[in-house]
Every structure is written in structure tokens, then in C-alpha cells.
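Dear colleague,

Please find below the structure we discussed handing over. My findings follow directly after it, and I would be grateful for your comments.

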Amino acid sequence: MKKLFLLGIFFVWNLGFSQEIALLKYSGGGDWYANPTSLPNLAKFCNQNINTKINTKIPTVEAGSPDLFSYPFVHMTGHGNVVFSDNDIVNLRNYLTSGGFLHIDDNYGMDQYIRKEIIKIFPDNPLVELPSSHSVFQKPFVFSGGLPKIHEHDGKKPQAFAIFIEGRIVLLYTVETDLGDGWENQEVHNDPNEVRTKALKMGANLIYYVFNN
């Protein structure tokens with residue numbers, strides 16, 4: 001039933017009605033509310049550059065809420081601890097296997113916690129690193145080297161890890177890049193326009209992938 005409901009929402013969006021993306025609220029003490037200007041800015045960029053009609057007023061949805069099924073793209077960020085309850089785990093798994101997409105962006109400090117929670121959602125389906133040749137890096141904007149580096153953090157290579165269901169990415173975990181910081185208002189981190197543009201273009205690729213797959 002949930003799968004049919006979610007597919008029905010996708011069909012309505014494809015007819016040209018307003019689209020919505022959401023921010024995930026989770027437990028554990030991590031600051032899920034970080035980067036408050038990032039998703040509104042990403043929505044505006046996509047509307048101006050890839051012909052989407054995303055609502056720029058971004059709702060918050062809890063990991064265990066049935067409202068999760070109302071959004072084809074859900075973004076998650078933070079710096080610290082993450083804890084998914086048993087209900088959260090079941091709800092997230094059902095959402096992702098029914099056509100949903102979760103983008104988890106490590107805002108620095110989340111990595112050691114979120115990996116354990118991802119395993120709980122998909123214990124038999126491990127994260128795999130995406131090669132730079134994957135379509136998510138190719139359209140509508142080309143990133144020939146793969147995930148761009150937005151903030152230094154530990155100076156390590158930026159990486160994108162995915163979980164696939166029947167050939168479709170359902171969960172994308174980006175680390176050592178901090179796309180969300182790059183989406184924020186310029187004055188928040190004082191990133192050069194070139195860096196912010198790279199982050200927004202990569203975010204637009206994620207939106208494009210979700211709305212076209």
C-alpha cells in the first residue's frame with residue numbers, strides 16, 4: 001500500500017505539480033537541524049537551473065513518521081550522535097524499498113555513528129563506493145572526478161557511498177565533502193562562489209537522479 005502511495009506521488013510530480021523535499025529529524029543528540037539555509041538554497045538553485053518546481057519551504061520529517069512517504073528526496077545531516085529506534089529502522093527501510101531516497105551528508109563528526117545505524121536498516125546490503133563514472137556524477141552537471149571537495153575537514157578524499165535496491169540508489173552517504181555547508185548562504189561559511197556553485201550543482205545532480213529514476 002505504501003509503495004503504491006509513494007508511486008502515486010511520483011506520478012503527480014511528473015505531471016508538473018509542486019515538488020517537495022524534506023529534512024530528516026532523528027534522535028541521539030546530533031544536530032539534525034544544522035545548515036538551516038542549505039535545502040531552501042538547493043531548491044531555488046534546482047528550480048532555476050534544472051526546471052524543477054520544488055517548494056522552497058522545507059518541511060521536517062521524523063525518521064519514524066508515516067509522513068516520510070510523502071517525499072521522494074529526504075536529506076539528513078549533523079555533526080554528532082545518531083540513534084534510530086526499532087520503529088525508525090522499519091519505517092526507513094520500508095520507505096527506501098518503496099521508492100524513497102535518503103541523502104546523508106556528514107557535516108563532520110557523524111561518520112562513526114551513522115554507519116552503525118545504516119547497517120541496522122540494511123544489514124545484508126552494505127554501502128558501496130560510487131565510481132566517478134556513475135550517472136549521478138554525469139548529469140545534468142559533469143563531475144569527472146566524482147564527488148567534489150567542499151570543506152577540508154580531515155583533508156581526506158571526498159567519498160560517496162550508496163546502497164542499491166534493484167539497481168537504484170536508495171541511500172547515498174557523502175563524507176569528507178560537506179555538500180550541505182556549500183549549499184548554505186554565502187555569509188555562513190564565506191565560501192568562494194566557485195565552491196558554492198560546485199556544491200549546488202552536485203546537489204542538483206542528486207535531485208535530478210531522484211526525480212528521473
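Please note that the model is a predicted one.

The residues in question, within helix 4 (residues 111-121), are Ile 114, Glu 117, Ile 118 and Ile 121, which are buried. Because their arc around the axis spans only 105 degrees, they fall on the same side of helix 4. In general, an α-helix has 3.6 residues a turn, so residues three or four places apart point the same way. Gln 112, Lys 116 and Ile 119, on the other side of helix 4, are exposed.

Turning to the sheet, it is open and consists of 7 strands in the order 2-1-3-4-7-6-5, with mixed pairing. Its edges are formed by strand 2 (60-62) and strand 5 (128-129); each has a single partner strand, so one side of each lacks a neighbour in the sheet.

Strand 4 and strand 7 are paired in the parallel sense, over 4 bridges. Ile 104 is positioned opposite Tyr 173 of strand 7.

Helix 3 lies across strand 3, strand 4, strand 6 and strand 7, and runs at about 120 degrees to strand 7. Helix 4 also packs on the sheet, where it touches strand 3, strand 4, strand 6 and strand 7. The direction of helix 4 makes about 160 degrees with that of strand 7.

With kind regards

Definitions and conventions: Residues numbered from 1 in each chain as written. Predicted model: local features only at pLDDT ≥ 70, side-chain atom pairs only at ≥ 80, totals over all residues. Heavy atoms only, no water. Buried < 20%, exposed > 50% of the residue type's maximum accessible area, 1.4 Å probe, protein only. Helix = DSSP H or I, 4+ residues; strand = E, 2+ residues; numbered from the N terminus. Arc of directions from axis to C-beta. Pairing = 2+ DSSP bridges. Contact = heavy atoms within 4.5 Å. Axes fitted to C-alpha atoms, helices over the stretch in contact; angles between N-to-C directions.
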